[in-house]
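Dear colleague,

I am handing over a structure for you to look through, and below it I have set out what was found. Please keep it open beside this message while you read.

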Amino acid sequence: LENDSIQDASVDGPLGTNRLSRPQGIAVAADGRVYVSDGSDTICRIDPVTGNLSTFVKLGTPSFTAFGDYHATDLADNVFVAVRTASYPDEYAIQRIAPDGMATTPVPGGLNGPRGMATDRAGNLYVVDVPREDSYTCLRCGFATAMRKITPPGVVSTVVSQKGGRGIALGPFPASLSAPTGVSFDGAGNLLVGSKHAVLKVQLEN
């Protein structure tokens, strides 16, 4: 796959003819297929055997809201994507898209700025919720940076939260992360969160 800066759209097709324009979020499903957010309005699906790239969903259509920069997959091969529902201040929802492209909205709104996200073995979705920065203030409207846990039915809880700064303080760790984005789980079930300068491993309570 080649990122051609001259082109401004992804191109479906077999290996050698396909193209990504502005790849951002990436996640691998249980069946091995790779999902890539290409720009803020397209999620592409890549076959790991053939390299074939196809458009999975096109955001900003009657079925899907726009601005899906980050996403995650679960063991059932569902794709979770953060979509914007309001602006100034920004507000986001979480859509769950089944492998056949059918979408539901377990979280209809209330998130400030989802970035990295990942699911655990139980199907819970963990989202770094970072308010977008305003040019005049450190954090828009004083919202806190937080780690959200979203259960399969769509119940949202805040695992940790930090106000008054750009970082997120995780559990008992003395450190904080600046502008956290990357989220993943390791084989032992620990939550890994990364930023510009560090990666923290968080052992979640059962």
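In which strand is Val57 found? Val57 is found in strand S6, where strands (E, at least two residues) are DSSP runs numbered from the N terminus. Before going further, please note that this is a predicted model, in which local features need pLDDT of at least 70 and side-chain atom pairs count only at pLDDT 80 or more, while totals for chains, interfaces and linings use all residues. Residues are numbered from 1 along each chain as its sequence is written, and side-chain values use heavy atoms, with hydrogens and water left out.

Val57 has a relative accessibility of 3% and therefore counts as buried (buried means under 20% relative accessible area, exposed over 50%, and partly exposed in between, with a 1.4 Å probe and protein chains only). The C-alpha atoms of Val57 and Asp41 are separated by 8.5 Å, the two residues being 16 apart along the chain.

Strand S6 belongs to an open sheet of four strands, ordered S3-S4-S5-S6 with antiparallel pairing; two strands pair if DSSP finds at least two bridges between them. Because S3 and S6 (53–58) stand at the edges with a single partner strand each, one side of each is left without a neighbour in the sheet. Within this sheet, S3 and S4 (residues 34–38) pair over four bridges in the antiparallel sense, and Pro23 stands opposite Asp38 in S4.

Turning to strand S9 (residues 91–97), five of its seven residues are buried, so that the strand is mostly covered. S9 pairs in the antiparallel sense with S8 (residues 79–86) over seven bridges, with Ala86 opposite Glu91, and also with S10 (residues 103–111) over four bridges, where Val107 is the bridge partner of Ile94. The hairpin of S9 and S10 has five residues between the strands, and in this hairpin Gly101 takes a positive phi near 95 degrees.

Further along, strand S18 (residues 191–194) and S19 pair in the antiparallel sense over four bridges, and Val193 stands opposite Leu200 in S19. Strand S19 (residues 199–202) has a covered face, made up of Leu200 and Val202, and an uncovered one, made up of Val199 and Lys201.

With kind regards
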